[in-house]
Amino acid sequence: MAVYKHNYQAYTGPLTTSSLRFLVLTRYAYQRIFSSRIFLALFLICFLPPLAAAVFIYFQHNARILQTLQIPIEELVPIDAAFFRVFLYIQSFLGFLLATLVGPGLVSPDLTNNALPLYLSRPLTKRDYALGKISVLLILLSLITWIPLSLLFIFEAKMSGLGWMWKNIRLEFAILAGSWLWMLVISLLAVALSAWVRWKPIAGALIFGVFIVGAGFGTLINTVLFTQWGTLFNIGALMEIAWKWFLQGEQAPGQLPLWAVFFGLLGFCAVCLMLLAKKLKAYEVVR
Amino acid sequence: MQAVIELDNLTIRLGQRTVLKGLKGAFSGRSVGLLGPNGAGKTTLLHTLLGFHQPAAGTGRVFGYDIQSEIKKIRHLVGYMPENDSFIADMTGIRFVRMMAELSGLPPDLALERAHETLFYVGLGEARYRQLGTYSLGMKQMAKLAQAIVHGPRLLILDEPTNGLDPPARQRMISLIKDIRATGETALILSSHLLRDVEECCEEVMILKEGELVVYCNLEEERKANRKFLELEIIGDTQPFVEMAERLGCECAVHGTFRIKMVLPEQVQIRDLYVLAASKQIQIRKLNYKRDSLQDIFLKAMEGYRGSLQA
């Protein structure tokens with residue numbers, strides 16, 4: 001129908017797949033996010049460390065360049081679990097900054113503008129809505145964590161040969177598991193806080209606060225009660241233990257048992273999900 | 001004819017309060033007006049049909065789909081215009097309506113085309129690239145209507161669509177609703193406090209009172225079924241005039257000090273009333289034939305629907 005024919009007409013055309021419709025929310029969120037120059041600058045900075053790592057790997061396998069630069073090969077850092085751990089730390093920290101910048105603006109505008117009844121009156125469940133919003137962060141964080149690190153792994157395998165790849169295949173699984181665990185924790189925290197705190201700067205500060213206050217509280221418990229269980233409140237420390245175990249298969253003595261670490265992280269995710277579910281209602285019922 | 005809405009002992013409790021009390025019925029009208037005083041449960045009923053509230057007992061169906069187990073199918077067929085402001089302030093009109101169309105399942109290119117058409121249709125064509133936050137109240141209402149119809153729903157649920165509109169904007173909204181109704185492709189449920197809106201837009205009316213369905217009727221049939229009565233305005237002593245009219249067989253109800261509603265038996269003519277008035281030195285200043293309006297139907301429902309001529 002042409003726009004000048006101002007008649008109401010029912011829609012009889014094709015429909016998209018309903019199982020992937022939550023991605024509409026993700027796409028619209030990206031259009032808004034990428035219009036911010038601050039975000040764009042930070043997003044581009046996130047690709048510098050993997051780029052530098054790729055250059056480093058290339059140099060290490062190019063004797064002529066090393067000779068030209070007069071760098072003895074034995075002085076270079078070996079490409080092993082410790083190398084990937086450093087880059088996992090760097091990328092995760094940058095991901096944390098991105099989540100702090102993007103996360104608070106995901107759900108709060110919908111709640112402030114009372115838009116949830118419009119979303120939820122369509123063929124979109126609360127789960128779809130939450131998935132659409134969390135996917136914004138999951139996709140974004142994927143682009144700067146496990147995807148570039150996996151590409152680095154593949155690049156190193158290409159330069160060193162298949163033997164190196166089979167010997168270090170654990171690293172690839174570690175990159176995937178470690179990145180996804182971190183992405184889930186940070187995404188759920190950011191989206192849950194966005195649902196509860198409508199003022200974006202406060203929500204952003206609270207994401208930092210959860211880590212800092214949690215770490216302080218955990219240390220206090222450990223010091224006062226002469227225990228290690230206070231570490232359960234320190235999300236950063238729990239992640240570090242998990243990453244180290246994923247990448248190097250080892251755990252420092254005196255640390256929390258691994259089951260407790262994973263229980264703590266998954267419990268944290270569950271609490272974030274519960275907080276989010278409590279806020280995602282078409283209407284608040286005044287009891 | 002398939003019922004648009006079926007209610008089967010539908011009961012909704014919010015906290016300790018029972019808001020809807022065992023509603024029953026099958027409603028097949030193309031345009032149903034939902035009336036009731038504040039707190040009667042109108043909006044709760046609409047929200048329940050959209051799956052926002054879970055029934056405490058009983059159930060309901062929209063186009064035969066159960067509101068508990070098949071809510072996604074229902075939402076494919078429904079367009080909803082909420083009562084309160086609901087939109088994203090920093091989005092342009094076109095982006096907002098397009099997103100809503102895509103969420104209803106339209107492919108992106110067709111959603112954009114429909115969004116343009118719909119915004120022109122509701123009269124926001126020139127303002128479609130402006131941010132919603134800059135719209136006037138009337139424009140926001142139109143934007144809400146646009147998002148509700150952009151995907152061509154089979155059932156359009158309108159919650160107080162003329163809220164806060166000035167007379168020309170209200171008239172525009174009413175004419176759009178009538179136009180949508182006239183296509184015959186979309187059924188309407190219109191909840192409103194304004195009886196005139198319901199009277200103009202709806203064929204059937206459902207009246208809720210304290211969570212119970214007290215009236216469901218076809219407006220036209222109800223008007224025809226209601227007895228025609230006379231409304232008189234007199235100057236003089238009302239009581240003897242009424243007594244004498246009743247002796248002639250008239251059914252009377254005094255309304256205010258000088259207004260009388262009167263149903264005449266077949267043998268009594270208007271001329272007889274003038275004779276009666278002259279004999280008591282009463283002036284008849286106004287005399288009109290009337291039928292019950294929606295307001296009368298509503299007021300009767302609120303009084304308990306006694307079914308007789310009430311003052």
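Biologist: Which residue in β2(B) is the bridge partner of B:R13?

Modeller: In this predicted model, B:R13 is bridged to B:T18 of β2(B). The two strands concerned, β1(B) and β2 (residues 17-27) of chain B, are paired antiparallel through seven bridges.

Biologist: How many residues lie between the strands in that hairpin?

Modeller: Two residues lie between β1(B) and β2(B). In this hairpin B:G15 adopts a positive phi, near 65 degrees.

Biologist: And which residue stands opposite B:I5?

Modeller: That is B:V62, in β4(B). Strand β1 (residues 5-14) of chain B runs antiparallel to β4 (residues 57-62) of chain B, and five bridges join them.

Biologist: Turning to the open sheet of four strands in chain B, what is the strand order?

Modeller: The order is β12-β13-β11-β14 in chain B, and the pairing is antiparallel. At the edges are β12 (251-255) and β14 (283-290) of chain B, each of which pairs on one side only. On average, neighbouring strands of this sheet are turned by 20 degrees against each other, direction ignored.

Biologist: How many bridges join β11 to β13 of chain B?

Modeller: Four bridges join β11 (residues 229-235) to β13 (residues 259-263) of chain B, and these strands run antiparallel. One of the bridges links B:E231 with B:K261 in β13(B).

Biologist: Which strands does helix α9 of chain B lie across?

Modeller: Helix α9 (residues 238-247) of chain B lies across β11, β12 and β13 of chain B. Relative to β12(B), the helix runs at about 160 degrees.

Biologist: Last topic: where in chain A is confidence lowest, and where highest?

Modeller: Confidence is lowest in helix α4 (residues 63-69) of chain A, with a mean of 80, and highest in helix α8 (residues 126-144) of chain A, at 96. The average pLDDT of chain A is 90, and 97% of the residues score at least 70.

Conventions: Residues are numbered from 1 along each chain as its sequence is written. Chains are lettered from A and ligands numbered from 1 in the order in which they are written. This is a predicted model: local features need pLDDT of at least 70, side-chain atom pairs count only at pLDDT 80 or more; totals for chains, interfaces and linings use all residues. pLDDT is the predictor's confidence in each residue, from 0 to 100. Two strands pair if DSSP finds at least two bridges between them. Axes are lines fitted to C-alpha atoms, for helices over the stretch in contact, and angles run from 0 to 180 degrees between N-to-C directions. Two residues are in contact if their C-beta atoms, placed from the backbone, lie within 7 Å.
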